[in-house]
Amino acid sequence: MESISQWWTDVRELFELDVLQGDLAIKLRYLFDALLGHMRALEALNQKPETWGALLIHLISTKLDKKTLQEVGSWQS
C-alpha cells in the first residue's frame, strides 16, 4: 500500500508544480529537475511515465508562462 501512496504523491506533486514566472532560466531548470525527479521516483515504483506522452506534454505546457509557451509553439512550425 505504501507504493500506491508514494505513486499518488509523486503524480499529485507533478500537477502542483508552480507556473513559471520571473527569472525563467532558473525556473526552467527547477521545473526540469522536479519533473525528472518525480519521473524517476515513479519509475522506481514500476510506473512508466515516459509512455505518458500527451499527458506529460499537456502538464508541462500548463507550467510554462505565456511567452515561453508561444516560443515553444513557434519551434514546432
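W7 is partly exposed, with a relative accessibility of 27%, whereas W8, at 53% relative accessibility, is exposed; here buried denotes under 20% relative accessible area, exposed over 50%, and partly exposed the range in between, computed with a 1.4 Å probe on protein chains only. The structure is a predicted model, in which local features need pLDDT of at least 70 and side-chain atom pairs count only at pLDDT 80 or more, while totals for chains, interfaces and linings use all residues. Residues are numbered from 1 along each chain as its sequence is written, and side-chain values use heavy atoms, with hydrogens and water left out.

Rings of Phe, Tyr and Trp (the six-membered ring of the latter) were paired if their centres lie within 6.5 Å, with planes under 30 degrees apart classed as stacked, over 60 as edge-to-face and the rest as tilted. By this rule the count is one aromatic pair. The pair is formed by W7 and W8 and is tilted, with 6.5 Å from centre to centre and 35 degrees between the planes.

E16 is located in the loop between helix 1 (2–15) and helix 2 (24–44), helices being DSSP runs of H or I with at least four residues, numbered from the N terminus. E16 is exposed, its relative accessible area being 51%. Although E16 and L59 are separated by 43 residues in sequence, their C-alpha atoms lie 9.8 Å apart in space.

H38, which is placed in helix 2, is buried, with a relative accessible area of 13%. When its neighbours within four places in sequence are left aside, H38 is in contact (heavy atoms within 4.5 Å) with D10, E13 and L14.

Notes
Helices (H or I, at least four residues) and strands (E, at least two) are DSSP runs, numbered from the N terminus.
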